[in-house]
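Here's a friendly walk through one protein model. Have a look at it first, then read on.

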Amino acid sequence: MRTQVAIIGGGPSGLLLSQLLHRKGIDTVVLERKTRDYVLGRIRAGILETGFVNLMREAGVADRMDKECFVHDGTVISHGDTQFTIDFKDLTDTSVVVYGQTEVTRDLYDAREAMDGTVIFNAENVQIHGADSDTPHVTYTTDGVEHRIDCDFVAGCDGFHGVSRQTIPLTVRREYEKLYPFGWLGILSETPPVHEELIYSCSSRGFALCSMRNENLSRYYIQCSLSDSPEDWSDDAFWQELKRRIPSEYADKLVTGPSIEKSIAPLRSFVTEPMRWGRLFLCGDAAHIVPPTGAKGLNTAASDIHYLYNGLILHYLDGDDTGIDTYSEKALARIWKAERFSWWMTNLLHRFPDQSEFDLKMQAADIAFLRDNRAAQTVLAQNYVGLPY
Ligand code: APR
Ligand code: PHB
């Protein structure tokens with residue numbers, strides 16, 4: 001088989017890139033190691049920056065999102081029993097869209113199917129050959145039979161545990177990582193959200209977040225120990241702890257119910273440089289990870305796709321390689337700002353085991369300054385709604 005761009009990974013990054021390129025007449029093949037249902041079974045955040053929404057529109061997959069999403073003009077931040085709102089709309093004239101990643105991925109799969117795009121599921125043992133040559137190819141196995149795809153370029157959209165980043169030699173690759181000493185215990189419940197916008201809470205017992213998927217599907221998180229497992233937390237224990245970590249105004253009206261999903265995610269900041277090696281380009285989680293506090297995971301993947309998509313159409317349609325030659329530099333410039341914001345918000349709102357009394361006073365002063373200072377709120381709002389591409 002031959003294609004122009006071989007895309008490894010059928011998550012949001014890979015599917016969005018495939019859909020965008022196909023609409024420009026550029027041929028792609030997506031290799032996904034799992035099944036469609038498995039990929040759609042992942043519960044992930046759904047706070048979309050304007051840049052991502054615009055890409056979905058350009059990809060022709062925004063109809064259901066436009067009908068079913070929430071538009072949030074701000075978010076609540078609470079510290080103990082005090083709370084304040086960061087008004088994105090007032091501070092930046094921009095809002096964010098709330099639309100679960102599962103739905104984004106579902107819409108992208110449906111669009112790929114409608115355009116008869118090539119997505120190969122259960123693709124095992126994917127390997128990238130000759131990435132640093134002019135004739136790269138990819139091999140993979142399905143049903144025990146090995147296949148080969150010759151291509152012009154390879155887009156590594158296969159997430160943190162994928163094969164693409166590992167293909168770049170350690171003599172070329174530089175990795176930067178920070179692990180956080182806690183995790184997020186998250187539940188999904190078929191209950192109405194406790195508030196019409198998100199609540200990020202810093203309490204003496206730890207961080208909590210109140211989010212949502214729709215008017216009867218809520219998503220809640222509490223900071224937990226890395227030694228915890230979901231089985232350690234009954235639904236009732238979760239609800240009681242959540243109520244202790246959010247202002248009483250919300251705790252008193254919280255509608256609880258059985259969890260339909262319960263999981264613990266570790267928090268990590270990670271970046272690999274460069275994001276290009278020869279004809280291999282890394283996108284999304286394959287190249288970088290952020291702690292979920294700033295809701296930047298999907299949105300940094302989106303800006304990677306924006307840069308790579310535009311670089312590839314410049315190559316194919318105009319014979320100009322400026323875009324692909326500057327891809328890594330441009331993508332990393334925006335990624336590092338998103339890494340900083342996510343790291344900053346994580347430090348602002350979580351309790352760290354080694355915090356001294358002085359550290360706690362600094363954290364309280366940081367939150368008080370944010371509460372009282374419009375310029376500080378504007379900086380948070382500009383980063384949260386998304387820095388320019
Ligand atoms: N071969 C083929 N496919 C693979 C391989 C492999 N070796 N390894 C991983 N994959 C697939 C995974 O099964 C997954 O479907 O690649 C896909 C990667 O998807 P994500 O992990 O969701 O990464 P990405 O598409 O970059 O997502 C962007 O959305 O969910 C958020 O936080 C997530 O920041 C991430 C963002
Ligand atoms: C979510 O809804 O899952 C969510 C929202 C905002 C975040 C992280 C997760 O910062």
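This is a predicted model: local features need pLDDT of at least 70, side-chain atom pairs count only at pLDDT 80 or more; totals for chains, interfaces and linings use all residues.

Residues are numbered from 1 along each chain as its sequence is written, and side-chain values use heavy atoms, leaving out hydrogens and water.

Where they are in contact (heavy atoms within 4.5 Å), 22 residues come from domain 1 and 19 residues from domain 2.

A salt bridge is a side-chain nitrogen of Lys or Arg within 4 Å of a carboxyl oxygen of Asp or Glu. A polar contact is a pair of N or O atoms within 3.5 Å; within protein, one must be able to donate a hydrogen and the other to accept it, and residues adjacent in sequence count only if both atoms are side-chain atoms.

| Interface item | Value |
|---|---|
| Buried area | about 1600 Å² |
| Share from carbon and sulfur atoms | 68% |
| Salt bridges | zero |
| Residue pairs in polar contact (both at pLDDT 80 or more) | four |

On the side of domain 1, the largest share, six residues, comes from helix H12 (residues 327-349). Helices (H or I, at least four residues) and strands (E, at least two) are DSSP runs, numbered from the N terminus.

**The sheet**

Strands count as paired if DSSP finds at least two bridges between them. Six of them make an open, mixed sheet in the order E8-E2-E1-E12-E19-E18, with E8 (118-120) and E18 (276-277) as the edge strands. E1 (residues 5-8) and E12 (residues 153-156) run parallel, joined by four bridges, and Ile 7 stands opposite Ala 155 in E12.

**Some local details**

Across the whole structure, 25 salt bridges turn up. One pairs the side chains of Glu 103 and Arg 106 at 3.1 Å, N to O. These two are three residues apart in helix H6 (residues 101-114), so about one helical turn separates them.

Glu 273 and Pro 274 are joined by a cis peptide bond, with omega about -10°. Pro 274 lies in the loop between E17 (259-273) and E18.

Technical notes
Chains are lettered from A and ligands numbered from 1 in the order in which they are written. Buried area is the accessible area (1.4 Å probe) that two parts lose on being put together, summed over both.
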